[in-house]
Amino acid sequence: MVVTSPRSPVRSTVGLKAVMAVTGIVLVLFLVAHMLGNLKVFAGQPSFDHYAHWLREIGAPILPGVWFLWILRVGLLVAVLGHIAAATALARRARAARPVRYAHRRKVRGSYAARTMRWGGVIILLFVVYHLLDLTTGTLNPVGDPSRPYANVVADFAPARWYVTLFYTLAIVAVGFHLRHGLFSALRSLGQQTPRGERRARLVALLFSVALCAGYLMVPFAVLTGLVD
């Protein structure tokens, strides 16, 4: 008699979808909070610098130094890895469910966001690595002074560094496509599966993604055009 151990609930299809949903919510909340923080650059150098220094002091005196930021970074890393792992596992199961390809199968018309999730994820990953080396560690930033966050941002998106703004724009657009597809899928899973519900879900996902992208792109383009200096 062979005794097989029961599969962990997290590794079930329902569990993996739950992991994707929870990690997705965490990442979206971070994106919104981070965007709002970035927009403080329009309030001027003192306000933005004060905000950046405040982030480093969250949790004091219970947490020393920048521990809160590192706890946040580790939590986000876990969320990203969990999101990727769950998505990969679900994709493999979907392919395994149809191991034989039909000889004359009609090409399914999918959304542009759905078809570009893979390369979009690669762009986002590369951007995150660059972003950390640029504005977190200061390694790739012309100023690279943690005590001058406003100056770091202005130097980063200066007109002479237009290629940085271009890379930033590509990454944010990739995030927008990814978010639009993910939010639409989540809304459909919550019951928006009628034709009217799907149209509503598409509109909500599109408006939210456009608003988030616009909020992120306002800062680099404001620096590039001299609105922020």
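## Basis and terms

Helices (H or I, at least four residues) and strands (E, at least two) are DSSP runs, numbered from the N terminus. The model is predicted, with local features needing pLDDT of at least 70 and side-chain atom pairs pLDDT 80 or more, while totals for chains, interfaces and linings use all residues. Residues are numbered from 1 along each chain as its sequence is written, and side-chain values use heavy atoms, without hydrogens and water.

## Helix α8

Helix α8 spans residues 195-224, 30 residues in total. From first to last C-alpha α8 reaches 43 Å, close to the expected 44 Å (1.5 Å times one less than the number of residues).

At Met 218, shortly before the proline Pro 220, α8 has a kink of about 30° (the angle between axes fitted to the seven residues ending there and the seven starting there).

## Packing of α7 and α8

The axes of α7 (residues 162-189) and α8 come within 8 Å and cross at roughly 160°. Axes are lines fitted to C-alpha atoms, for helices over the stretch in contact, with angles from 0 to 180 degrees between N-to-C directions. The two helices are therefore roughly antiparallel (over 145 degrees). Residues of this contact comprise 18 nonpolar, 4 polar and 4 charged; Asp, Glu, Lys and Arg count as charged, Ala, Val, Leu, Ile, Met, Phe, Trp, Tyr, Cys and Pro as nonpolar, and the others, Gly among them, as polar.

## Aromatic pairs

Rings of Phe, Tyr and Trp (its six-membered ring) pair if their centres lie within 6.5 Å; planes under 30 degrees apart count as stacked, over 60 as edge-to-face and the rest as tilted. By this rule there are 8 aromatic pairs. One of them joins Phe 48 and Tyr 150, with centres 6.3 Å apart and planes at 70°, so the pair is edge-to-face. Phe 48 belongs to α2 (residues 45-57) and Tyr 150 to α6 (residues 149-156), so the pair ties together parts 102 residues apart in sequence.

Key:
Parallel < 35°, antiparallel > 145°, perpendicular 65-115°, else oblique.
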